[in-house]
Amino acid sequence: MISGILYPPRNYTPAEMAHEADSRMLQGLWDSIYKGNEYWITSSLFPPFYALSIDWSFVLIFTFIDLVLCDLPFFKNYKIQKDRKVTWPLIKKSIYLQFWNCMLWIFPVAAAQWCWVPPMELPKLAPTVFEFISQIAIYFFLFDMTYFWFHYIHHKNKTLYRWCHSVHHMYSSPFAAAAQHLHPFELFFVGGFITVIPWIFPTHPLTYWAWFLVAQLVSYEVHMGYDFPFALHRFFKYYSGAPAHDMHHLRPLTCFQPWLNYMDRLMGYHITYDDLKKMADEKNKRFGLYNKEDEEGLDKIN
Ligand SMILES: [Zn+2]
Ligand SMILES: [Zn+2]
């Protein structure tokens, strides 16, 4: 996560700077974040520490829900795959892999950054609200599209699937810790996409960190295994949410797009749990071995 180097995109005179600082809505927030904390947040160790803290916070919260609160009616009701229970041995396997991914990539990269990357220079000016929202939206669309093709190719190419992406498909009923259950190669690319995509604009550190938080938040949301009544996909048809990615883990040749679903709809890969039920009913009607008469016949035989 390198940022702030190119921000602001042009030089301001002191008078312009004072005027801009007064007029920017995010200035107060930015001042409260960076003033007095420069030593910590300019350190080259801050980005990996920030990324891992987000990861482990989500894993801790949802592990607690899955292991302790899962039998409360609220969580039971909104669990997507109700017949599948998340157990500690499943979570432990995933945490074990993540530990080794940290040893292989994250800690060595953090150590290299600490040795060779100078502390970041923080801009005094906050981003404008327009910059902040529009840049995060653009990064969101770009990442979603990039990962869609990366993901699609990994499912269509047997060698790539077996060697790399099948690791992520070890779980057919996902849970939060499974979001980062990735082959090291996939982790390297996914982390790379998230890091590099914001380099297309002069990106303010606040925007960069918020983008990173959004990317993590959505990745954990689609893996959490719950379809809550306040979930975003209920209000935005083209946002995938947990049910679509859950479906991808259950039926890996459907719902390839990670965060949105317009490409899946366009290419015919968007399947919902209702579709699956309808298909099963249709199949049973056409080919079902056991209709009512069969069952009565079996009862007589037995
Ligand atoms: Zn997944
Ligand atoms: Zn997949």
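**Entry 1: the core**

I started with the largest nonpolar core, which has 44 residues. Phe62, Phe175, Ala176, Phe212 and Met224 are the ones with the most contacts inside this core. By nonpolar core I mean a set of buried Ala, Val, Leu, Ile, Met, Phe, Trp, Tyr and Cys residues joined through C-beta atoms within 7 Å. For burial I used this rule: buried if 20 or more other C-beta atoms lie within 10 Å of a residue's own, exposed if 12 or fewer, partly exposed in between, with C-beta atoms placed from the backbone.

Which helices supply at least two residues each of this core? I found H4 (46-69), H7 (129-156), H9 (184-196), H10 (205-223) and H11 (241-250). The largest share comes from H10, with nine residues.

Then I checked phenylalanine 62. Leaving aside neighbours within four places in sequence, phenylalanine 62 is in contact with Phe175, Ala176 and Met224. Contact here means that the C-beta atoms of two residues, placed from the backbone, lie within 7 Å.

**Entry 2: what I am looking at**

A note to myself: this is a predicted model, where local features need pLDDT of at least 70 and side-chain atom pairs count only at pLDDT 80 or more, while totals for chains, interfaces and linings use all residues. Residues are numbered from 1 along each chain as its sequence is written, and chains are lettered from A and ligands numbered from 1 in the order in which they are written.

How many helices and strands does the protein chain have? I got 14 helices and zero strands. Helices (H or I, at least four residues) and strands (E, at least two) are DSSP runs, numbered from the N terminus.

The C-alpha trace spans about 90 × 40 × 40 Å along its principal axes. Of the 302 residues in the protein chain, 30% count as buried. I also looked at contacts with a separation of 6 or more: residues 24 or more positions apart account for 68% of them.

**Entry 3: what the record says**

I looked up UniProt next. Its unreviewed entry places "transmembrane region" at residues 49-74, 95-112, 132-153 and 185-202. UniProt positions follow the numbering used here, feature names are shortened, and annotations may be inferred rather than shown by experiment.

I compared two of these spans with the model. Residues 95-112 are 100% helix and 0% strand, and their end C-alpha atoms lie 24 Å apart. For residues 185-202 I read 67% helix and 0% strand, with the end C-alpha atoms 28 Å apart.

The unreviewed UniProt entry also lists residues 137-268 as "domain: Fatty acid hydroxylase". In the model that span is 56% helix and 0% strand, and its end C-alpha atoms lie 25 Å apart.

**Entry 4: two helix pairs**

First pair: H4 and H10. Their axes come within 10 Å and cross at roughly 25°. Axes are lines fitted to C-alpha atoms, for helices over the stretch in contact, and angles run from 0 to 180 degrees between N-to-C directions. H4 and H10 are therefore roughly parallel to each other. My cut-offs: under 35 degrees is roughly parallel, over 145 roughly antiparallel, 65 to 115 roughly perpendicular, and the rest oblique. At this pairing, Tyr50, Ala51, Ile54, Asp55 and Phe58 in H4 meet Trp209, Phe212, Leu213, Gln216 and Tyr220 in H10.

Phenylalanine 140 sits in H7. Is phenylalanine 140 buried or partly exposed? It has 17 other C-beta atoms within 10 Å, so I marked it partly exposed. Beyond its neighbours within four places in sequence, phenylalanine 140 is in contact with Val214 and Trp259. Its C-alpha atom is 9.2 Å from that of isoleucine 194, 54 residues apart along the chain.

Cysteine 255 is in the loop between H11 and H12 (262-267). Its phi is near 45°, a positive value in a residue other than glycine. Cysteine 255 counts as buried, with 24 C-beta neighbours inside 10 Å.

Last, I turned to histidine 204, in the loop between H9 and H10. With 27 C-beta neighbours inside 10 Å, histidine 204 counts as buried. From histidine 204 to lysine 278, 74 residues apart along the chain, the C-alpha separation is 48 Å.
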